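Subject: Structure for you to look at

Hello,

Here is the structure I promised to pass on. Please have a look when you get a moment; my notes follow below it.

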Amino acid sequence: MSGRRLLRIFCYSILSVAFGAALFAGTITKYSYAAQFRDVPNSPPSAMHLLGTDGLGRDLFTRVIYGTRVSLLLAPAAAFLATAIAGILGGLAGLRGWLTEKVILAFADLSLALPLLFVLVALRALLPLDVSPIFSVIATFFILGLLGWPASLRVVWAAVRRLRQSDHFLFATALGYGKTRLLLCQVIPNLRPILLAQFWISIPLFVLTEATLSMLGLGVMEPLPSWGNLLRGCENFSAMAANPWRVVPLFVLIVTVICLQYILPTSGETA
Amino acid sequence: MTAWILKLAQRLLLLAALAGVGGLICATMVRFAPGFGVDERELDPRLSQASLEAIRKEHQLGTGLLSYYGSYLFGLCRGDFGTSTFLERPVGELLKERAPFTIRAVLLGLLTAWLAASVLALLTVRFPSWLLDSSATAFTGLLIALPAAVVALLCVFLRLPVFAGVALVTLPKLFRYQQNILAHASAQPFVLAAQARGVSRNRILFRHVIPVCWHPLAALLGVSASMAFGAAIPLEALSDSPGIGQLAWQAALNRDLPLLTSITLLVAGFTVGINSFPKAAHQEQS
């Protein structure tokens, strides 16, 4: 078994644990993420609170588990939305060509040129800052999904163009395949590995972007935890030095993103 | 010559149009955002109805979107970017004050990142070894896994300047792209032929591989500028650096439409401009 394969199995195992913890958060921990233990704020790890409590007396372990649920389950949803948009627009641009292609690619170029984080900050400003936590989560990841498509679109468009010029596509056209049949039997099956790769590439990107947005106060709102707003605890260096276990959310985030990077298919596997 | 001037003019027009569309899309969305134009002073019970009306009128920014665009573009032609509703100062003055900080940080950061990434990528291609490749991949993998805001906090903690943060955020992505581009070029048949003819490794790298990589590397320049600008927002906001990134963050938090529109226009113009250079060079050659 090759080293890369072993590493991948290891990463899959870690991700399975993380996804499992996210799905069964309610079973793993008995506390609510918003429950406050006002008599023990900033307490160190103990049998009652495995990772201690934060400044408001909330169980940090519970918040990390529920934060994992928010970040790790909604980032794939946003990645799915972004890949779907890229697939539809890239397919349209590649198949129809000419004006449709020019307009879509110009729009993608403009979106690519603008820094994603900048547009996100500007778009997030559309929503009032005092929205409900659930709405802020959905809005944050929805905006991420809506804006994350341009890079994937370029890849899909290039693949569709290559496909259109391929012999088997020409053969299918010569056989009199209709547009729908061409799309269903030729385009979608050939694009599947590329779309899948784009989907996996987008997940760590969205996890990290959500973290930065939430740290800036423009992402997921309290008391709902996400990896991003849990990292806001890192802003106070003296508190971090006194309570080093507060680094755990950052550690979980880094390990998960590294694992997500290692399971990405290589260019040879995508081809 | 005339054809070249025409091409340049066409490109500049396209640039202006793209940047304008970006800014105006942003303005449209902010203008229709729920709660836009609501002032905290409206909650003051001591104010009379007439005062409340005056405050609301102050925030209307014209009767509708089209009149807002019209007056904004008319002002823009005269060099007037409007007035920030949050900071109550002319936007042009704010941009002029803060742009040098961001431009300096972005340029220095990009220069550092490009130098470091190029050296690292060249080393891994010139001296291919498991140890070097794994160390470089692990180092850059760790940096990629850090959110830009955490890098900003690290910079504050280690008392590093903002440009170092920009370099740390862009370095890993630049290294990976450059390594891929160089590795792809090194696997070309002409490189194999040169190796078979006994050409030295250094000569192959500098005379055969690198020249092939110029175009994709030039295209990477535009992408890296966009990445660096994006990184400047959390870096400046969290390290309290008075640049455009911090201004954009404050404008977003305070829903300052004139400021947000002008910053979008400026950033769009800058990044679209940088992106168009490699494209123009590529078209010129082909």
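Let me begin with helix α5 (residues 116–124) of chain A, which is mostly covered, with 9 of its 9 residues buried. Buried here means 20 or more other C-beta atoms within 10 Å of the residue's own, with C-beta atoms placed from the backbone. Helices are DSSP runs of H or I with at least four residues, strands are runs of E with at least two, and both are numbered from the N terminus. The buried residues of α5(A) include A:Leu116, A:Phe118 and A:Arg124.

A word on conventions: this is a predicted model, in which local features need pLDDT of at least 70 and side-chain atom pairs count only at pLDDT 80 or more, while totals for chains, interfaces and linings use all residues. Residues are numbered from 1 along each chain as its sequence is written, and chains are lettered from A and ligands numbered from 1 in the order in which they are written.

Chain B has 11 helices and 0 strands. Of its 286 residues, 36% are buried. Among the contacts in chain B with a separation of 6 or more, 72% join residues 24 or more positions apart; a contact needs C-beta atoms, placed from the backbone, within 7 Å.

Where the chains meet, chain B gives 36 residues and chain A gives 30. On the side of chain B that touches chain A, the elements giving two or more residues include α1 (2–31) and α9 (201–238).

Best wishes

Methods
Buried ≥ 20, exposed ≤ 12 C-beta atoms within 10 Å, placed from the backbone. Contact = placed C-beta atoms within 7 Å.
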